[in-house]
Amino acid sequence: MQRDFAGYAGAPVDPAWPADARICVSFVMNYEEGGERSILSGDDGSEAFLSEVIGAESWPGKRNLNSESIYEYGSRAGFWRLRDILTAYEVPVKVYGVAEAMQRNPKAVAAVQAAGWEIASHGLRWLDYRDFTREDELHHMREAIRIQTQMTGARPLGWYTGRVSEQTLDLVIADGGFVYSSDSYADDLPYWVRHRDRDHLIVPYTLDANDMRFATAQGFNAGDQFFSYLRDTFDQLYEEGLRGAPKMMSVGLHCRLAGRPGRAIALRRFLDHVRARSGVWLATRLSIANHWRERFAPPSR
């Protein structure tokens, strides 16, 4: 697939969000805890990515109990704190669910379904897929679909790997069962791509309005920084919407990161800020994708 440096070329389409909303905000919970690297899962070392220890290294052939417990906090405590906050504010949430993580905590999956949240697939494992063969990555994709279908009663309609390979998007499109995917950070609006004679909808995600920056160098180190960044992103896009160019804002959350008390309260402050504004459409990514597909046909048609 060729790269596209033009996009909407400074003249974005009017998305015509429902109720003439000036901005669409999509909250995403990444549920990964239990799908990360561990020798207990047959990996060659411990997990070192997106934890409280900046610059951590994997321990070859060994368990890192500190790393394991940080991830366990996400499923044991962080998930439920975020669930309580987001349901109290009546926020429709998209969950990027790692299949093996969901398998290890069916009570969390039941709580997600009880809340009416959408679950998109976040792959079989929370791994870096850059060096996977096509056959192995396809096997993981099929297993992720199978497990989620078995657990929830429906196959995933959205996909987000995160740490992709060169063939990820090709596999997603070839599957044919996904309404959209989100392995892109290229725009503030959804857009169509054409690949192998198929049209595919991209609902782009974010790595900046994302609590992952608590776990990266030069990222957020306090809740007020997280709140300020989310607020400023929202305010800029809201102003653009008032000027006639509505956009979409994504907010990325992780149970082991934003689920910590000092960060969760920053999320509440942002939700208060959003709730104080009119003309805001809070939507899951599937709702956004369905809206886009109904209003905008692929350019090839």
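The following legends describe close-up views of a predicted model.

**View 1. The largest pocket and its centre.** The largest pocket has a volume of about 1,000 Å³. Its lining comprises 41 residues, and those closest to the centre are D4, S184, A186, Y191 and V193.

**View 2. Elements and residue classes around the largest pocket.** Two or more residues of the lining of the largest pocket come from each of α5 (168-175) and β6 (191-195). The strand β6 contributes the most to this lining, with five residues. Sorted by class, the residues that line the largest pocket are 23 nonpolar, nine polar and nine charged.

**View 3. The second largest pocket and its centre.** A volume of about 270 Å³ is computed for the second largest pocket. This pocket has 14 lining residues, and E33, G34, E36, E72 and R104 lie nearest its centre.

**View 4. Helix α1 and residue classes at the second largest pocket.** Helix α1, which spans residues 65-88, gives the most to the lining of the second largest pocket, with four residues. By class, this lining consists of six charged, five polar and three nonpolar residues.

**View 5. Cysteines C24 and C255.** C24 has a relative accessible area of 0% and is therefore buried, as the cut-off for a buried residue is under 20%. C255 is likewise buried, because its relative accessible area is 0%. A disulfide is a covalent bond between the sulfur atoms of two cysteines. With a cut-off of 2.5 Å between cysteine sulfur atoms, the count of disulfides in the model is zero.

Methods:
Residues numbered from 1 in each chain as written. Predicted model: local features only at pLDDT ≥ 70, side-chain atom pairs only at ≥ 80, totals over all residues. Heavy atoms only, no water. Buried < 20%, exposed > 50% of the residue type's maximum accessible area, 1.4 Å probe, protein only. 1 Å grid on protein atoms, 1.4 Å probe; cavity = no way out; pocket = protein on both sides within 12 Å on 5 of 7 lines; lining within 4 Å. Points joined across faces, edges and corners; volume = space filled by probe spheres on them. Nonpolar A, V, L, I, M, F, W, Y, C, P; charged D, E, K, R; others polar.
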